[in-house]
Amino acid sequence: MSCCDASLVKIVNNSGTDFTVTASDGVVGNLHDFANGTNIPDQGSSSGGAYSSGGTDGNCSGYVTITTANGSYSLTLNYAFTAANNRGSCPCTASAQDTVTAANYVATAVATTGSSDGTASTVWTITTQLT
């Protein structure tokens with residue numbers, strides 16, 4: 001078991017509109033609990049867990065794509081967690097992610113590295129900027 005297993009991937013929606021998960025994938029390892037169709041209401045949130053799998057050296061990364069309720073705009077939100085070594089040792093490091101924008105929607109990530117006994121996290125917050 002890797003120190004990165006069960007690392008938190010969370011999306012907080014403060015944008016003024018509802019979003020729906022339209023795609024999600026663990027490119028390295030697996031992503032749990034972000035099924036297609038998962039609703040992320042305005043002023044709500046949704047979260048999942050990233051897990052390593054055999055041959056990933058304890059690492060996990062991937063993405064969640066969310067789309068506005070009317071289908072007009074989508075944002076692809078990435079995450080990446082890296083174990084301290086190829087045996088999956090702690091701490092698990094969460095990679096910083098670039099801000100993602102679509103129209104006036106802005107998604108900003110806060111990546112937190114895990115401690116010796118805690119998992120890492122990437123928390124995306126979606127807001128709306130004035131145009």
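**Exercise 1. A pair of aromatic rings**

Task: Decide whether Phe81 is buried or exposed, then work out how its ring sits against that of Tyr79.

Solution. Start with Phe81: its relative accessibility is 1%, so this residue counts as buried. Bear in mind as you go that you are working on a predicted model. Next take Tyr79, which at 2% relative accessibility counts as buried. Now bring the two rings together. The ring centres of Tyr79 and Phe81 are 5.9 Å apart, and the planes meet at 35 degrees. A pair is called stacked under 30 degrees and edge-to-face over 60 degrees, with the rest tilted. The rings of Tyr79 and Phe81, at 35 degrees, are therefore a tilted pair.

**Exercise 2. The other aromatic residues**

Task: Find how many aromatic pairs the model has, and say which residues form an aromatic cluster.

Solution. The count comes to three aromatic pairs. One of them joins Tyr73 and Tyr105, with 6.0 Å from centre to centre and 55 degrees between the planes, a tilted arrangement. Then locate the partners: Tyr73 is in the loop between strand E6 (60-68) and E7, while Tyr105 is in strand E10 (residues 105-112), and 32 residues separate these distant parts of the chain. Their surroundings can be checked too. Tyr73 is partly exposed at 38% relative accessibility, whereas Tyr105, at 13%, is buried.

**Exercise 3. Sorting the cysteines**

Task: Work out which cysteine is bonded to Cys3 and which to Cys4, and explain why Cys60 is too far from Cys4 for a bond.

Solution. The structure holds two disulfides, so keep the cut-off of 2.5 Å between sulfur atoms at hand.

- Step one: the sulfur atoms of Cys3 and Cys90 are 2.0 Å apart, and the two residues form a disulfide. This link has 100 degrees about the S-S bond and is right-handed. Cys3 is in the segment before E1 and Cys90 in the loop between E7 and E8, 87 residues apart. At 10% relative accessibility Cys3 counts as buried, while Cys90, at 34%, counts as partly exposed.
- Step two: Cys4 and Cys92 also form a disulfide, with 2.1 Å between their sulfur atoms. The link of Cys4 and Cys92 is right-handed, with 110 degrees about the S-S bond. Because Cys4 lies in the segment before E1 and Cys92 in the loop between E7 and E8, the pair ties together parts 88 residues apart in sequence. Both Cys4 and Cys92 are buried.
- Step three: counting bonded cysteines along the chain, the pattern is 1-3, 2-4.
- Step four: the closest cysteine sulfur to that of Cys60 is in Cys4, and the 5.1 Å between them is too far for a bond. Cys60 is buried, at 1% relative accessibility.

**Exercise 4. Reading the sheet**

Task: Give the strand order of the open six-stranded sheet, and say which strands stand at its edges.

Solution. Reading across the sheet, the order is E3-E5-E1-E11-E10-E9, and the pairing is mixed. Strand E3 (30-32) and strand E9 (100-102) stand at the edges; each has a single partner strand, so one side of each is left without a neighbour in the sheet. The twist from one strand to the next averages 20 degrees. Now look inside the sheet: strand E1 (residues 7-13) and strand E11 (residues 121-128) pair in the parallel sense over six bridges. To place a residue there, note that Lys10 stands opposite Val123 in E11.

**Exercise 5. Backbone details**

Task: Find which peptide bond is cis, and describe the positive phi values of Ala6 and Asp33.

Solution. Begin with the peptide bond from Cys90 to Pro91: it is cis, with omega near -5 degrees. Pro91 is in the loop between strand E7 (74-82) and strand E8 (93-94). Turning to phi, Ala6 has a positive value of about 70 degrees although it is not a glycine. Ala6 is found in the segment before E1, and its relative accessible area of 33% makes this residue partly exposed. Asp33, also not a glycine, has a positive phi of about 80 degrees. The loop between E3 and strand E4 (39-40) holds Asp33, which is exposed, with a relative accessible area of 61%.

How values were computed
Residues numbered from 1 in each chain as written. Predicted model: local features only at pLDDT ≥ 70, side-chain atom pairs only at ≥ 80, totals over all residues. Heavy atoms only, no water. Pairing = 2+ DSSP bridges. Helix = DSSP H or I, 4+ residues; strand = E, 2+ residues; numbered from the N terminus. Axes fitted to C-alpha atoms, helices over the stretch in contact; angles between N-to-C directions. Buried < 20%, exposed > 50% of the residue type's maximum accessible area, 1.4 Å probe, protein only. Phe/Tyr/Trp six-rings, centres within 6.5 Å; stacked < 30°, edge-to-face > 60°.
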